[in-house]
Amino acid sequence: MTIALKEGFDWKKIKAVDIFVPKQAKCYPGCDNTKIETYVQGIMSIQLGTASTLVDGSCEYIQWEPPFSEGVMEVLQKCKVHEDRNMTQSFPRLQGSRVEG
């Protein structure tokens, strides 16, 4: 998510975040989750990893359980996980995600 590193990027202006993943990732228990209260819930949540990276500008260190950096939960609530059928067909040979917003 190089967008978070671009000069002038401001997470406060994010209106919506659409995350496209294979069906296997979307449907795996705990991966499509916006209610984060524990470390395990956090590490499983696609939305938390995405929101944290957008807010903090890096995925090197993600706080997987509360308390989160300012703005992480606000952005997380704007994240929606969708199945990408092409990714589903290519799984597990190819893995990844696409973020739009």
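Student: On what basis are residues numbered and values computed here?
Tutor: Residues are numbered from 1 along each chain as its sequence is written, and side-chain values use heavy atoms, with hydrogens and water left out. The model is predicted, so that local features need pLDDT of at least 70 and side-chain atom pairs count only at pLDDT 80 or more, while totals for chains, interfaces and linings use all residues.

Student: How many salt bridges does the structure hold?
Tutor: A salt bridge is defined as a side-chain nitrogen of Lys or Arg within 4 Å of a carboxyl oxygen of Asp or Glu. One of them joins the side chains of Lys 26 and Asp 32, at 2.8 Å from N to O. The number of salt bridges in the structure is four.

Student: Which residues are linked in a network of salt bridges?
Tutor: The side chains of Asp 84 and Arg 98 meet in a salt bridge at 2.6 Å, N to O. This pair links distant parts of the chain, with Asp 84 in the loop between strand E2 (79–83) and helix H5 (85–90) and Arg 98 in strand E3 (residues 98–100), 14 residues apart; helices (H or I, at least four residues) and strands (E, at least two) are DSSP runs, numbered from the N terminus. Arg 98 also forms a salt bridge with Glu 100, whose closest N and O atoms are 2.8 Å apart. The network therefore consists of Asp 84, Arg 98 and Glu 100.

Student: Is Asp 84 buried or exposed?
Tutor: Buried means under 20% relative accessible area, exposed over 50%, and partly exposed in between (1.4 Å probe, protein chains only). Arg 98, at 32%, is partly exposed, as is Glu 100 at 37%. Because its relative accessibility is 10%, Asp 84 counts as buried.

Student: Which backbone oxygen does the side chain of Thr 50 reach?
Tutor: Thr 50 lies in helix H3 (residues 46–56). Thr 50 is buried, because its relative accessible area is 6%. At 3.0 Å, its side chain reaches the backbone oxygen of Ile 46.

Student: Is Cys 27 buried or exposed?
Tutor: Cys 27 is found in helix H1 (residues 23–27). Its C-alpha atom is separated by 23 Å from that of Leu 54, 27 residues apart along the chain. Because its relative accessibility is 53%, Cys 27 counts as exposed.

Note on methods: A polar contact is a pair of N or O atoms within 3.5 Å; within protein, one must be able to donate a hydrogen and the other to accept it, and residues adjacent in sequence count only if both atoms are side-chain atoms.
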